[in-house]
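This report is for a reader who is new to the structure. Please look through the sequence and the model before reading on.

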Amino acid sequence: MSNQDSLEKRRQLTGGNLSLGYRNPLKIVRGEMQYLFDETGRRYLDAYNNVPHVGHCHPEVVEAACEQMRTLNTNTRYLSDHFNEYAEALLATMPAALDTCFFLNSASEANELALRLSRTATGNRDTIVAESAYHGHTTTLIDLSPYKHDGPGGTGAPDWVHTVPNADTYRGVFRGGDAARRYAQAAGDQIAHIQESGKGLAAFMAETYPSVGGQIIPPDGYLSEVYQYVRQAGGICIADEVQTCYGRIGNPFYAFEQQGVVPDIVVLGKPIGNGHPVAAVVTRGDLADSFDNGMEFFSTFGGSTLSCVIGKKVLEVTQREGLQQHAATVGQKLLEGFKQLKLKHPLIGDVRGAGLFLGIELVVDRDSLEPAASEASEISNALKDAGILIGIDGPHHNVLKIRPPMPFDDDNADELLSALDQVLEGLQS
Ligand SMILES: Cc1ncc(COP(=O)(O)O)c(C=O)c1O
């Protein structure tokens, strides 16, 4: 079936807001590590998709999954060594205080559970999130995702959701040396506002490094100051590490460690299943105890035998293949390369990131910071034509997002840098 016919059929079969990438959408039929292949056999370098963390269709993950599907796939109502082994391996990557975990199918479900835990523990409902954050697609999480409820079709935040600015030192409201303190103070002010209105704080929920917000790296010390305000108010600190976990940022294994904090709840999803729906909530034993209030917790597929086998294998491969260090090395090379391109191309306003979590912010003018959104779209489409897939994000749709499967290597970095250089040259001519 031609791509045009596939597109028309899809339009008949599903809702129009199930979005597609690219002006001329791709039909991808096969994946292998950091590469995707279309129906003609053309190879694309995947510099965008973080979900296949250890590589598209990594043979060891595929093998473990097939073997388990032949043997058993059932739910958590039976004892399972796979469940215990996966939980143990996952908890071993966390600070000692985070000693309890729950498994779910998606990060949306995991964020929902994190919220329930925070509400049970505090008896409160009011929650603070960052502007342009995205935490999931359920009704409650749309309420907690300004990226959605303040965007097209959105109806704004309900009265129990409070927003703080992204700790963005390039475009945000505070850009100077005291930005960390001032952004943290904004959270302190929101907490005071909640308390003055006679309510209490349930949670502060934030991506440690905001991704949909534009691949932002908050200034050092930001989160530890925010957490102090939250804890003084009796609130729960939830770190959404869906985009930044498992060595993605090079060093350390989780982004919250880089900010020098220990969250009360860590939410994991997407990459931890390498494409299979696995998500997790990791928390302290006392929070899990307060949640154990008589109401049963059960998720039909969460923590299934198959999910645990796959989750365990993805973590094992991540560690054994040294992907964290690899991301640090290749990411550094890319970051330096992007900085060189910035010297040459005035469209590049800012280059930022850590490990293989990188962003290039495009501006029409480096003084006014007017966002170059249409240029970002041109570049992404031109790179696709050159056989490289990247993303676009940020509230102004002007940040090129580079966040590839972790096996993305040195040669791939050269290929991306050279193609981006050429595309930028082409735009200027
Ligand atoms: C930071 C973050 N949290 C949560 C989610 C929700 O994940 P899922 O679509 O797996 O429910 C996403 C998805 O993009 C995300 O980026």
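The sections below cover the model, the ligand shell, a helix pair and a glycine.

## The model

This is a predicted model, in which local features need pLDDT of at least 70 and side-chain atom pairs count only at pLDDT 80 or more, while totals for chains, interfaces and linings use all residues. Residues are numbered from 1 along each chain as its sequence is written.

## Around the ligand

The ligand is surrounded by 15 residues, counted where the C-beta atom, placed from the backbone, lies within 6 Å of it. The closest are S106, A107, S108, G136 and V242.

By class, the shell has nine polar, three charged and three nonpolar residues. Nonpolar means Ala, Val, Leu, Ile, Met, Phe, Trp, Tyr, Cys and Pro; charged means Asp, Glu, Lys and Arg; the others, Gly among them, are polar. Helix α4 (residues 107-122) gives the largest share of the shell, three residues. Helices (H or I, at least four residues) and strands (E, at least two) are DSSP runs, numbered from the N terminus.

## Helices α3 and α11

In α3, H82, F83, E85, Y86, A89 and L90 meet T305, C308, V309, G311, K312 and L315 of α11; contact means C-beta atoms, placed from the backbone, within 7 Å. Seven nonpolar, three polar and two charged residues make up this contact.

## Glycine 21

G21 sits in the loop between α1 (3-13) and β1 (28-32). Although 370 residues separate G21 from G391 in sequence, their C-alpha atoms are 8.8 Å apart in space.

Key: Contact = placed C-beta atoms within 7 Å.
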